[in-house]
Amino acid sequence: MRIGELSRRAGVNAHQLRYYEAQGLLTADRGTNGYREYDESALLRVKQIRHLLGAGLSSEDIAYLLPCAVGEVPELAGCPELLAAMRSRLRRLDDQMDRLAQSREALADYIVAAERVGGESYPPFTDADADVRAVAS
């Protein structure tokens, strides 16, 4: 099938399919006319890629995992290298979540502090600033 048909059947834009191909996640043969030609297994492969991307895996991670993928969702064989890669990705996600939680807490603290100040103008003006504004008006 050509890229347009695969795009339609998989529910993925053609540019995404070309990206998957560039990342080594998907392969296509070239017809005599130069068009990409995909076999039926490409549809399953695209669905697997979409599920794995949805799990937060990078295209590099997915390239490593795809040979172990079985089925659309997919199920992954639990070889030691595969488990190590997934655990590493999980640790990175946990680290990102920790940093986001810290950023959120700091931002919430700033909001509370700003609300305490209330209606005062920011930055606070001195008496000299008020004199300058009075002369300017």
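Which backbone oxygen lies 2.3 Å from a polar atom of the side chain of arginine 89? I looked, and the oxygen belongs to glycine 56. I count a polar contact as a pair of N or O atoms within 3.5 Å; within protein, one must be able to donate a hydrogen and the other to accept it, and residues adjacent in sequence count only if both atoms are side-chain atoms.

**Ground rules**

I note that this is a predicted model, that local features need pLDDT of at least 70 and side-chain atom pairs pLDDT 80 or more, while totals for chains, interfaces and linings use all residues. Residues are numbered from 1 along each chain as its sequence is written, and side-chain values use heavy atoms, with hydrogens and water left out.

**The chain as a whole**

I find six helices and four strands in the chain. Helices here are DSSP runs of H or I with at least four residues, strands are runs of E with at least two, and both are numbered from the N terminus. Read from the N terminus, the order is α-α-β-β-α-α-β-β-α-α.

I get about 9,800 Å² of accessible surface for the chain, and carbon and sulfur atoms hold 54% of that. The areas come from the Shrake-Rupley method with a 1.4 Å probe; for residues, only the protein chains shown count as cover. Of the 137 residues, 21% are buried. Buried means under 20% relative accessible area, exposed means over 50%, and partly exposed is in between (1.4 Å probe, protein chains only).

I also checked contacts, meaning heavy atoms within 4.5 Å. Among those with a separation of 6 or more, 43% are between residues 24 or more positions apart.

**Back to arginine 89**

I place arginine 89 in helix 5. Its relative accessible area is 15%, so I log arginine 89 as buried. Leaving out neighbours within four places in sequence, arginine 89 touches Gly56, Leu57, Ser58, Asp61 and Gln96.

Aspartate 61 and arginine 89 meet in a salt bridge through their side chains, 4.0 Å from N to O. That pair links distant parts of the chain, with aspartate 61 in helix 4 (residues 59–65) and arginine 89 in helix 5, 28 residues apart. The rule for a salt bridge is a side-chain nitrogen of Lys or Arg within 4 Å of a carboxyl oxygen of Asp or Glu. In general, side chains of opposite charge can pair when their charged atoms come close.

I see that aspartate 61 also forms a salt bridge with arginine 92, with the closest N and O atoms 3.2 Å apart. Here helix 4 and helix 5 are linked again, by residues 31 apart. Aspartate 61 counts as buried because its relative accessible area is 14%, whereas arginine 92 counts as partly exposed at 36%.

**Other salt bridges**

How many salt bridges does the rule give? I get seven. One of them joins arginine 36 and glutamate 21, with 2.7 Å between the closest N and O atoms. Arginine 36 sits in strand 2 (residues 36–37) and glutamate 21 in helix 2 (residues 14–22), so this pair ties together parts 15 residues apart in sequence. Arginine 36 is buried at 19%, and glutamate 21 is partly exposed at 21%.

**The aromatic pair**

I searched the whole structure and found one aromatic pair. Tyrosine 19 and tyrosine 20 make it, edge-to-face, at 6.3 Å centre to centre and 65 degrees between the planes. Rings of Phe, Tyr and Trp (its six-membered ring) pair if their centres lie within 6.5 Å; planes under 30 degrees apart are stacked, over 60 edge-to-face, and the rest tilted.

I found glutamine 48 in helix 3 (residues 41–54). Glutamine 48 is buried, at 3% relative accessible area. Beyond four places in sequence, glutamine 48 touches residues including Leu66, Val70 and Pro74.

Leucine 107 is in helix 5 (residues 80–117) and is exposed, at 52%. Together with Tyr110 and Ile111, Leu107 forms a nonpolar surface patch of about 350 Å² accessible area. Patch residues have over 30% relative accessible area and no salt bridge: like charges are joined within 9 Å, nonpolar side chains (Val, Leu, Ile, Met, Phe, Trp, Tyr) within 5 Å.
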